[in-house]
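Trainee: I would like to go through some labels and ask what stands behind each one.
Mentor: Show me the model, then ask.

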Amino acid sequence: MKLVLLIMALTCSTLLFGCSRDSENITDKQFIQNYDENGHSRRTLIKGIPQRVLILYPGAAEAMLELGLDAHIEQTIAAYGSEPEHLVTRFAALPKVQAAFIPAQEEVFALQPDLIIGWAHNFSPMELGAPQGWQEHGIGAYIVPATIPHERPTLENSVYPFIEDLGTIFAVEERAADYIAACRKREATIAECLKERERETAIVLQEHGRSSYSLYDAGYLINDVLDKAGLDNLVSMKTVFVGPERILAYDPDYLVYVSLPGPDGQDLSDEEVWEQVKKNRDLQPLRAVQQGRIINIPFAEVNSGNGRALDALSRLAEGRLKHR
């Protein structure tokens with residue numbers, strides 16, 4: 001009888017130990033629903049909590065800083081312009097990628113990251129190669145959802161899932177939930193401020209010099225931000241580079257001007273942008289320009305893919321409320 005009890009005890013002990021080991025293995029790796037370089041959904045393997053993260057999209061570095069994950073960032077590319085005031089010092093302290101654009105594969109291997117976060121195009125054959133290839137080398141690869149060519153990227157299907165994923169990957173789910181809640185609260189406050197305003201129209205324009213422009217259509221996150229600010233984007237079809245004739249054909253209520261940083265790398269002020277636009281002969285005939293309905297949004301806020309989209313929303317709301 002004692003022998004039977006001893007065998008049963010050993011068996012239970014073995015089963016419990018096996019369950020314990022299985023639990024450890026589960027926590028050592030996790031699968032995140034993400035994308036491949038073509039925007040197709042794929043499961044991305046993340047081993048443990050990444051300690052050496054290479055970031056090729058500054059919006060990801062900003063989001064990690066918002067979640068207090070500074071120590072996990074091995075290197076990041078430089079900012080697209082001015083950083084939010086509360087992140088300036090911390091972003092400046094992060095080690096920066098030395099390559100002009102993105103590092104070569106050899107440089108990435110030399111850094112030995114355990115996770116790469118970047119744009120969808122960073123994982124094209126012409127740049128770093130497919131996420132699956134990096135995973136085979138034991139390096140996780142995560143594509144920021146807002147950089148995927150969704151039909152219509154939104155805060156709900158791009159920004160908030162990205163923050164949730166960071167919370168899951170780095171085991172800071174509560175911080176991520178709090179950050180999302182703060183963003184949603186800002187959204188609700190702005191919606192309340194604008195509820196009495198009728199919808200108006202806008203175009204989102206970026207200047208490239210020599211009478212060459214690009215327009216942001218529904219394939220960009222800023223389209224959803226416009227919608228939440230009560231503005232209908234007149235540009236529905238994808239455009240590459242267009243001339244002034246195409247711009248003048250839209251005649252929007254508002255010109256949303258995507259400003260690039262100045263020579264010092266800092267964002268231009270509203271006053272600097274207004275002067276720049278008003279002196280541009282291509283844009284002078286626009287009714288929005290003649291009426292001073294110009295809303296400056298820095299490139300970084302338009303292309304952040306994180307909570308800074310709410311900063312862009314605030315700018316749009318303020319611009320509309322100035323012209324009652």
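Predicted model: local features only at pLDDT ≥ 70, side-chain atom pairs only at ≥ 80, totals over all residues.

Trainee: Why is Gln-112 called exposed?
Mentor: Its relative accessibility is 58%, and exposed means over 50%, so Gln-112 falls in that class. The residue sits in the loop between helix H4 (105-111) and strand S5 (115-118).

Trainee: What makes the phi of Gln-112 worth a remark?
Mentor: Phi there is near 55°, a positive value, and the residue is not glycine.

Trainee: Where does Arg-210 lie, and how do you know whether it is buried or exposed?
Mentor: Arg-210 is in the loop between strand S7 (200-209) and strand S8 (212-215). Its relative accessible area is 87%; the cut-off for exposed is over 50%, therefore Arg-210 counts as exposed. Its phi is also positive, near 55°.

Trainee: Which residues lie nearest the centre of the largest pocket?
Mentor: Trp-119, Tyr-216, Tyr-220, Lys-238 and Asn-303, out of 26 lining residues. The pocket has a volume of about 640 Å³. S7, S8, helix H8 (221-228) and helix H12 (299-302) each give its lining at least two residues.

Trainee: How does the lining of the second largest pocket divide?
Mentor: Into 11 nonpolar, two polar and no charged residues. That pocket has a volume of about 300 Å³. Among its 13 lining residues, Ile-77, Ala-78, Tyr-80, Ala-100 and Phe-101 are closest to the centre.

Methods
Residues numbered from 1 in each chain as written. Heavy atoms only, no water. Helix = DSSP H or I, 4+ residues; strand = E, 2+ residues; numbered from the N terminus. Buried < 20%, exposed > 50% of the residue type's maximum accessible area, 1.4 Å probe, protein only. 1 Å grid on protein atoms, 1.4 Å probe; cavity = no way out; pocket = protein on both sides within 12 Å on 5 of 7 lines; lining within 4 Å. Points joined across faces, edges and corners; volume = space filled by probe spheres on them. Nonpolar A, V, L, I, M, F, W, Y, C, P; charged D, E, K, R; others polar.
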